[in-house]
Amino acid sequence: MTDSLEPIHILLVEDDPGDVLMTQEAFEHHKIRNTLSVVSDGEQALQFLRREAPYEDAERPGLILLDLNLPRKDGREVLSEVKASPELRTIPVVVLTTSEAEEDILRSYDLHANAYVTKPVDFDRFIDVVRQIDNFFVTVVKLPR
């Protein structure tokens, strides 16, 4: 367990407005204190993480929730670039996607994803999954500052 349960900043990389809304509602429903930023494609995700325009003032996230099927640059490319970067590779990345394809699971772990979670379609189950991810990465895992 961590010594203090300080809120962390989470970057959600998700292009589906419904999934964004469900994730935001999951945070609100469980009174999760972490802050959540949202970008809707892979290019924006990398701009955010590198603090490039228009994200010069972006806070470095302590956790990335990454969808695989994104416009402009897909999640696999984002994951590859994050884990290849000495400045970004220590940020845990949870692939949170609808894909249950074995090749997506294997590829994500080959690219050093910290976890692979298939999004439940049921709202209550989705809320529970987001809460469990939050609980694990905030109260159980020791994250680098």
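Leaving aside its neighbours within four places in sequence, which residues is Ser37 in contact with? Hello everyone, let's start there. Ser37 is in contact with His9, Ile10, Leu11, Leu12 and Phe48, where contact means heavy atoms within 4.5 Å.

A quick word on the model. It is a predicted one, where local features need pLDDT of at least 70 and side-chain atom pairs count only at pLDDT 80 or more, while totals for chains, interfaces and linings use all residues. Residues are numbered from 1 along each chain as its sequence is written, and side-chain values use heavy atoms, with hydrogens and water left out.

Back to Ser37, which sits in strand 2. Helices (H or I, at least four residues) and strands (E, at least two) are DSSP runs, numbered from the N terminus. Ser37 is buried, with a relative accessible area of 16%; buried means under 20% relative accessible area, exposed over 50%, and partly exposed in between, using a 1.4 Å probe and protein chains only.

Now please look at strand 1, residues 9-13. Of its 5 residues, 5 are buried. His9, Leu11 and Val13 point one way, Ile10 and Leu12 the other. Strand 1 runs parallel to strand 2 (residues 35-39), and 5 bridges join them. Strand 1 also pairs with strand 3 (residues 63-66), again in the parallel sense, over 4 bridges. Two strands pair if DSSP finds at least two bridges between them. Ile10 is a handy landmark: it stands opposite Leu36 in strand 2 and opposite Leu63 in strand 3.

Ile10 and Leu63 turn up again in the lining of the largest cavity, together with Phe27, Leu65, Val130, Ile133 and Asp134. Strand 3 and helix 5 (123-140) are the elements that give two or more residues to that lining, and helix 5 gives the most, with 3. The volume of this cavity is about 40 Å³. On a 1 Å grid over the protein atoms alone, a cavity is a set of points where a 1.4 Å probe fits but cannot get out, and lining residues have an atom within 4 Å of a point. Grid points are joined across faces, edges and corners, and the volume is the space filled by probe spheres set on the points.

Next, Asp67. UniProt lists Asp67, in an unreviewed entry, for "modified residue: 4-aspartylphosphate"; such annotations may be inferred rather than shown by experiment. Asp67 lies in the loop between strand 3 and helix 3 (75-84). Is Asp67 buried or exposed? Asp67 is buried, with a relative accessible area of 5%. Leaving aside neighbours within four places in sequence, the contacts of Asp67 include Val13, Asp15, Thr97 and Lys119.

Arg72 lies in the loop between strand 3 and helix 3, and its phi is near 70 degrees, a positive value in a residue other than glycine. Arg72 is exposed, with a relative accessible area of 60%.

In the loop between helix 2 (42-50) and strand 3 we find Pro54, and the peptide bond from Ala53 to Pro54 is cis, with omega near 5 degrees. Arg51 is in the loop between helix 2 and strand 3 as well, with phi near 55 degrees.

Last stop: Glu100, in the loop between strand 4 (93-97) and helix 4 (102-110). Glu100 is exposed, at 62% relative accessible area. Glu100 and Thr118 are 18 residues apart in sequence and 6.4 Å apart in space, C-alpha to C-alpha.

Methods:
On a 1 Å grid over the protein atoms alone, a cavity is a set of points where a 1.4 Å probe fits but cannot get out, and a pocket is an open set with protein on both sides within 12 Å along at least five of seven lines; lining residues have an atom within 4 Å of a point.
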